[in-house]
Amino acid sequence: MEKRMSNANVDRPDLPVPLRPKTGRNARLRQRLADKKLLIAPGSYDCITARLVERAGFEATYITGSGVSLSALGAPDVGLMSFHEVLDRVKRVADSIEIPLIADVDTGYGGPLNIARTVVEMERAGVSAIQLEDQAWPKRCGHEPDRKLVSAEEMCARIDAATDARRDASFLIVARTDARSDMGIDAAIERGHMFVEHGADAVFVESPESAEEMALIAKSIAAPTVANMVEGGRTPLLPAKTLEEMEFSLAIYPNTLTRLFAKAGAEMMNCLFRDGETAAMRDRMLDHSELWDLFDNKTWIEKELAHSVPGS
């Protein structure tokens, strides 16, 4: 079945050095999802993780709602993050990278007007796509139990509000359904069809439970589809080559870095507590200069010197 895509940046000069250019990111992401080659978007939750994704050569990053909640609030993904807390985080990340950013905005933070505002503000912040889902509030992580859904009609109204609000036709609306776990794969795919009819640019069927279900999703939905690779989650972890052969357009790895950092950090703290020094793990760390170079230290210093008063 032929896949189709529907059609629908103001810089924020907060910092004293040039921000990453935002122009053209939306169109780049839209074109990339239209390609036959799988796009991999590792998850990030702050400027460090986003810059690591970009430095590694990936073409996009995915701002994980659960990663932001864990890092900003010290709380799991149980619907505690507010619109402004998420918006502030994605603004900072968007300013720190050049690659397109896909933002998890949960249910859109309210009714149609709230969703419209979410789209406008995310687009203004430099986001290239939002992920909007069909859960009822408060939402839950897609690999946890006790998720409650709104009706398919209400989700379609959310999509209508989002597509009507965008200013750049290249800004993408990724529509997610969590219907698989309680309603079955067929019902989830049927929701996906409805989402496409209402203008969703890509469909994300959350937590399929077998490779066969994943293949069916990608084959059945006439729009770019999203594969969510969650280590220890409900969905099997498949190689990118297999996902591409299934014709998924986008694969996200929301908390791969989060999990790695948490484990590596625990090992580091145990080492320091045990040995009273960090020498045993120095080869697993960026040194001082390497970490600062990740964030353009030379550019900051050059800018400071260019605007300093001689002799002061």
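This is a predicted model: local features need pLDDT of at least 70, side-chain atom pairs count only at pLDDT 80 or more; totals for chains, interfaces and linings use all residues.
**Gly276**

I found Gly276 in the loop between helix H11 (256–275) and helix H12 (288–293). Is Gly276 buried or exposed? With a relative accessible area of 60%, Gly276 is exposed, because the cut-off for that word is over 50%. Next I checked Gly276 against Leu291. In sequence, Gly276 and Leu291 are 15 residues apart. In space, their C-alpha atoms are 23 Å apart.

**Confidence**

The mean pLDDT of the protein is 91. I also noted that 92% of the residues reach 70 or more. Where does pLDDT stay under 50? I found that stretch at residues 7–13. For residues 7–13 the model has 26 contacts beyond four places in sequence.

I started at E6. Its partner here is strand E5 (residues 172–177), and the two pair in the parallel sense over four bridges. Val174 stands opposite Ala202 in E6. I followed the side chains along E6. Ala202 and Phe204 point one way, while Val203 and Val205 point the other way. I noted that all four of these residues are buried.

I moved on to E8. How many bridges join strand E1 (residues 39–44) to strand E8 (residues 250–253)? I counted four, and the two strands run parallel. I looked up two partners. Leu39 has Leu250 as its bridge partner in E8. Ala41 has Ile252 as its bridge partner in E8.

On the E7 side, E7 and E8 pair in the parallel sense over three bridges. There Val226 stands opposite Leu250 in E8. I followed the chain from E7 to E8. The chain crosses through helix H10 (residues 240–245), and this β-α-β crossover is right-handed.

I checked the side chains of E8 too. Leu250 and Ile252 point one way from E8. Ala251 and Tyr253 point the other way, and all of these are buried.

**The aromatic pair**

Last, I searched for aromatic pairs. The count comes to one. Phe83 and Tyr109 form this pair, 5.6 Å centre to centre. Their planes stand at 55 degrees, and the pair is tilted. Where do the two residues sit? I found Phe83 in helix H4 (residues 83–96). Tyr109 lies in the loop between strand E3 (101–104) and helix H5 (112–125). The pair links distant parts of the chain, 26 residues apart.

Are these two residues buried or exposed? The cut-off for buried is under 20% relative accessible area. Phe83 has 11%, so Phe83 is buried. Tyr109 has 16%, so Tyr109 is buried.

Notes:
Residues are numbered from 1 along each chain as its sequence is written. Side-chain values use heavy atoms; hydrogens and water are left out. Two strands pair if DSSP finds at least two bridges between them. Buried means under 20% relative accessible area, exposed over 50%, partly exposed in between (1.4 Å probe, protein chains only). A crossover is right-handed if, with the strands pointing away from the viewer, the path from the first strand over the helix to the second runs clockwise. pLDDT is the predictor's confidence in each residue, from 0 to 100. Contact means heavy atoms within 4.5 Å. Rings of Phe, Tyr and Trp (its six-membered ring) pair if their centres lie within 6.5 Å; planes under 30 degrees apart count as stacked, over 60 as edge-to-face and the rest as tilted.
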